[in-house]
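The stops below are taken in turn.

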Amino acid sequence: MQNQNAAAGFGVLAKYGSDKMAKDQPPVSKSSVKPISRRTLLQSASAAAVAGMIGGRSFAQPKSAARPAAASADKSKTFPDKFLWGCATAGHQVEGNNTSSDLWLIEHLPGSIFKEPSGDACDHYHLYPQDISMLADLGFNTYRFSLEWARIEPEEGSFSNAELEHYRRMLATCREHHLTTLLTYSHFSLPRWFAFKGGWQNPGAPDLYARFCEKATKHLGDLVDYASTFNEPDVPQLLNWISLAGMPGGTNFTEMFRTGLDKVRRQVNSPEFANFFLGDGMKIRDGVIAAHHKGRAAMKSVRSDMPVGFNLAMSDDQPAPEDSHLAEKQADVYGPWLEIAKHEDYLGVQTYSRAVVGKRDLPPPKGAELTQVGWEFYPECVEHVVRYASKQTGVPIIVTENGISTNDDTRRVEYVQRALAGLKRAIDDGVDVRGYVAWSLLDNFEWMSGFDPKFGIVAVDRVTQRRTIKPSGAMLGNIARRNSL
Ligand code: BGC
């Protein structure tokens, strides 16, 4: 699986070259938003007590240029050539004002299941030029982000050329910074009209999705290095199994969402309303599987050489000493998707912690260190999950999300170091892993939990939209630049 599009972008950049890009940059409002220059970036990183960690050279290597390991490099710490080092975001979580989406609607209902509305989020919709340049300056060579279908097709059948151009500018900005692009076509949120028709439960959903995929690929495909049909399509099944520290006994997410769905349907006065989280899990799964196949075919019909896959949510599942239903969980949650992945160009795996599986996932062990969202601090999940996913599918693996929610960045530093040490062990044992993408670039809108959980390697002041690089961001960027631990 090569970056077959490596050279194609430059021709496109001539069309969307720096002059046009400069003109197209949105005016930065008179608020105190400060675009981060290279100098500011270096200053803020050193202010974050990481002086000396950022190398003298602050431009990402062109991805077409292999990075030869320095003669003196310690082989035991060096990652494979052309390894993808990136950060991820998702449209609804960072862009702000995704007003035609199903989630925006739900966020604003009285007594919403969302803690707070997404609002301006990180205003990444306007600030992407500085965010992407910051990512590249930190040392990363890859950016994973998603399209908002609700912007591109705000009403059924009515496609916005202007919004497609917005995403084209984002991709072109990545090219300008020599970043490999991982584009997710669907990351949970949906157009509002699509949810009113029953979301993924609607028998017509796969065709509607495929039409969107075709339009988007025609407009953007030449700038996409890796496409993903779906972010975490296994989540509706996973919800049946997970439990978090502090969850009332017997309660699981599925029950919580069932109650939520009934209420939302009453509030929006639509008995059909359903989306990615809210609805009948099995019907959603069937709809998403069919949509994946049709969406993938639509993408390939436009660009047959574009690598296509999807991103699976996976915990590092370990058997409980008694009454473990581990095999049942794996078959229920991952089974169909791992089977499909065998025929994909790559598989993205997304992991944050482990789960000890009894009848369902058991709560984290007593005394275990927990992250802000109640997950066990368990960075070794990365090593275990890539080994499992690779063995099950035989296709190249990219870690497309991994990270930790914490206010204490020193814990993130340790988490990332241990996660990468484990990843390196797996690679040294021959597991075909092509990249590591951190979740997340920015502190962002964590769905129903609102803005409290901090997953970012960069902090965001939600009033000024000022970005501050955390020590973990500088550290991970340096690893990326060196391609070595
Ligand atoms: C999702 C992200 C989310 C992250 C942390 C993943 O399940 O893809 O959107 O923010 O986990 O919860």
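Start by selecting leucine 127, which sits in helix H6, residues 124-138. Helices here are DSSP runs of H or I with at least four residues, numbered from the N terminus. This is a predicted model, in which local features need pLDDT of at least 70, side-chain atom pairs count only at pLDDT 80 or more, and totals for chains, interfaces and linings use all residues. Residues are numbered from 1 along each chain as its sequence is written.

Is leucine 127 buried or exposed? Leucine 127 has 24 C-beta neighbours inside 10 Å and so counts as buried (20 or more other C-beta atoms within 10 Å of its own, C-beta atoms being placed from the backbone; 12 or fewer is exposed, and in between is partly exposed).

Next, select glycine 111, in the loop between helix H5 (102-107) and H6. Glycine 111 is exposed, with 6 other C-beta atoms within 10 Å. Lysine 263 is 152 residues away in sequence, yet the C-alpha atoms of glycine 111 and lysine 263 are 9.6 Å apart.

Finally, show helix H16 (residues 409-428) with helix H17 (residues 471-482); their axes are 8 Å apart and meet at an angle of about 25° (axes are lines fitted to C-alpha atoms over the stretch in contact, with angles from 0 to 180 degrees between N-to-C directions). H16 and H17 are therefore roughly parallel (angles under 35 degrees).

Terms used. Helices (H or I, at least four residues) and strands (E, at least two) are DSSP runs, numbered from the N terminus. Angles under 35 degrees count as roughly parallel, over 145 as roughly antiparallel, 65 to 115 as roughly perpendicular and the rest as oblique.
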